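Subject: A structure for you to look at

Hi there,

Here is the structure I promised to pass on to you. Please open it next to this email and look up each residue as you read.

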Amino acid sequence: MTRPPLRARLLDWYDAHARVLPWRVSPAARRTGQLADPYRVWLSEVMLQQTTVPHATAYFLKFLDRWPTVETLAAAPDDEVMAAWAGLGYYARARNLLACARAVAGAHGGLFPATEPGLRELPGIGAYTAAAIAAIAFDQPANVVDGNVERVMARLYAVETPLPAAKPEITRLAAILAEGPRPGDWAQGLMDLGAMVCRPKAPLCDRCPLAPECRARAGGAPETYPRRTKKADRPRRHGAVFVLARRGAVALVRRPPKGLLGGMLGLPTTDWRAKAWTAADALAAAPMPANWRRVGEIEHTFTHFSLTLEVYRAEGDAEDDALVWLPVDRALVETPSVFGKALRLAR
């Protein structure tokens, strides 16, 4: 019996095993002509950058309930959107999200462009996101290569070049298979295959529809692909953070619009630098006079560096228009996770 072509086997596997996701239209529904909502696809793709599906899903549903259309999101105040984003990380994405929503609602009449070049013109949409929206929302042939697809392609073709140098080669190989029927389902099928079967550790090769062609499996060591260049150790930075509390509320500041955690509410801090802060230096840099006492330290990891923050706490008030007082429970929700760690320690 002749084995069906590789593309047909993957699509058959996707028809049977597709993940149920709140931004996705099922393969059965797509066969009836139903397409995904571009707003939902775009919102999910932005949230999923550097974030797991389970973590992003809760935020996606919260955003969709609060801002069900691109027009409602475009009209939302910046600080409300930034607060709702808190905990997803990579906060420049939230600023770009608003800029993109306002461009679509304004210049494009609330409609996302249906082509990759048109999507690339929007703020914050790069090559990958444009390809994903074009394929998934508009069923356009596009070469969608995320981390899962990189892993599938690296194993399928036993790509020896280590990442990240292998990205152009992997993208070229993925493009060979991208042309054909059902481009949206093909893109999502590859993503699901990488997430569910061709996993980073302990891949389930016996369940893989591409196993007969997989060169890494034939070589006996699929887990060793994709090859990777050893990462350099993250540099470490140090700082102090100040928790000023009064009657169940805590003092926050709005961070500068540009830079790390830009535009977010957060606890006042010193600069974050390579040299550790002494207690005397930290207290001299405190944002206001108070009876500060050190309560411990927290560790947090960003993409490019690790951070140690000495946590200082005081009870009191401060007459400063730059301060935003929020109940502690709200502050835990509306500030980035690094500040949530400090608040929980200070409590």
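Below is a short tour of what was found in it.

Please keep in mind that this is a predicted model, in which local features need pLDDT of at least 70, side-chain atom pairs count only at pLDDT 80 or more, and totals for chains, interfaces and linings use all residues. Residues are numbered from 1 along each chain as its sequence is written, and side-chain values use heavy atoms, with hydrogens and water left out.

**A pair of helices**

Two packed helices are described by the angle between their axes and the distance between the axes. Helices here are DSSP runs of H or I with at least four residues, strands are runs of E with at least two, and both are numbered from the N terminus. Take helix H1 (residues 6-17) and helix H12 (residues 183-196): their axes are 9 Å apart and the packing angle is about 75°. That makes H1 roughly perpendicular to H12. (Axes are lines fitted to C-alpha atoms, for helices over the stretch in contact, and angles run from 0 to 180 degrees between N-to-C directions; under 35 degrees counts as roughly parallel, over 145 as roughly antiparallel, 65 to 115 as roughly perpendicular, and the rest as oblique.)

Which residues meet there? On the H1 side they are Leu6, Arg7, Leu10, Leu11, Trp13, Tyr14 and His17, and their partners in H12 include Trp186, Leu190 and Met196. Contact means heavy atoms within 4.5 Å. Sorted by class, this contact has 10 nonpolar, three polar and three charged residues. (Ala, Val, Leu, Ile, Met, Phe, Trp, Tyr, Cys and Pro count as nonpolar, Asp, Glu, Lys and Arg as charged, and the others, Gly among them, as polar.)

**An enclosed helix**

Helix H3 (residues 38-48) is largely enclosed by the rest of the structure, because nine of its 11 residues are buried. Buried means under 20% relative accessible area, exposed means over 50%, and partly exposed is in between (1.4 Å probe, protein chains only). Among the buried residues of H3 are Tyr39, Trp42 and Glu45. Their cover includes helix H4 (53-66), helix H7 (92-107) and also H12.

**Cavities and a pocket**

How many cavities of 30 Å³ or more does a search of the whole structure find? There are two. On a 1 Å grid over the protein atoms alone, a cavity is a set of points where a 1.4 Å probe fits but cannot get out, while a pocket is an open set with protein on both sides within 12 Å along at least five of seven lines; lining residues have an atom within 4 Å of a point. Grid points are joined across faces, edges and corners, and a volume is the space filled by probe spheres set on the points.

- The largest cavity holds about 110 Å³ of space. Of its 14 lining residues, Arg155, Cys198, Cys205, Cys208 and Cys214 lie nearest its centre. The lining has 12 nonpolar, no polar and two charged residues.
- The second largest cavity holds about 50 Å³. Its lining includes Ala142, Asn143, Trp186 and Leu190, and H12 gives the largest share, three residues. By class, seven lining residues are nonpolar, one is polar and none is charged.
- The second largest pocket has a volume of about 180 Å³. Among the residues that line this pocket are Arg254, Arg255, Asp271 and Trp272.

**Backbone details**

Most residues other than glycine have a negative phi, and most peptide bonds are trans. Where do exceptions turn up? Asp139, in the loop between H9 and H10, has a positive phi of about 55°. Arg182, in the loop between H11 and H12, has a phi near 55°. Asp139 counts as partly exposed at 30% relative accessibility, and Arg182 counts as partly exposed at 24%.

As for peptide bonds, the one that joins Leu163 and Pro164 is cis, with omega about 5°; Pro164 sits in the loop between H10 and H11. Another cis bond runs from Tyr225 to Pro226, where omega is near -5°.

**One last residue**

Asp146 lies in the loop between helix H9 (127-138) and helix H10 (147-156). Is Asp146 buried or exposed? Asp146 counts as buried, at 18% relative accessibility. Leaving aside residues up to four places away in sequence, Asp146 touches Tyr128 and Met191.

Enjoy exploring, and write back with any questions!
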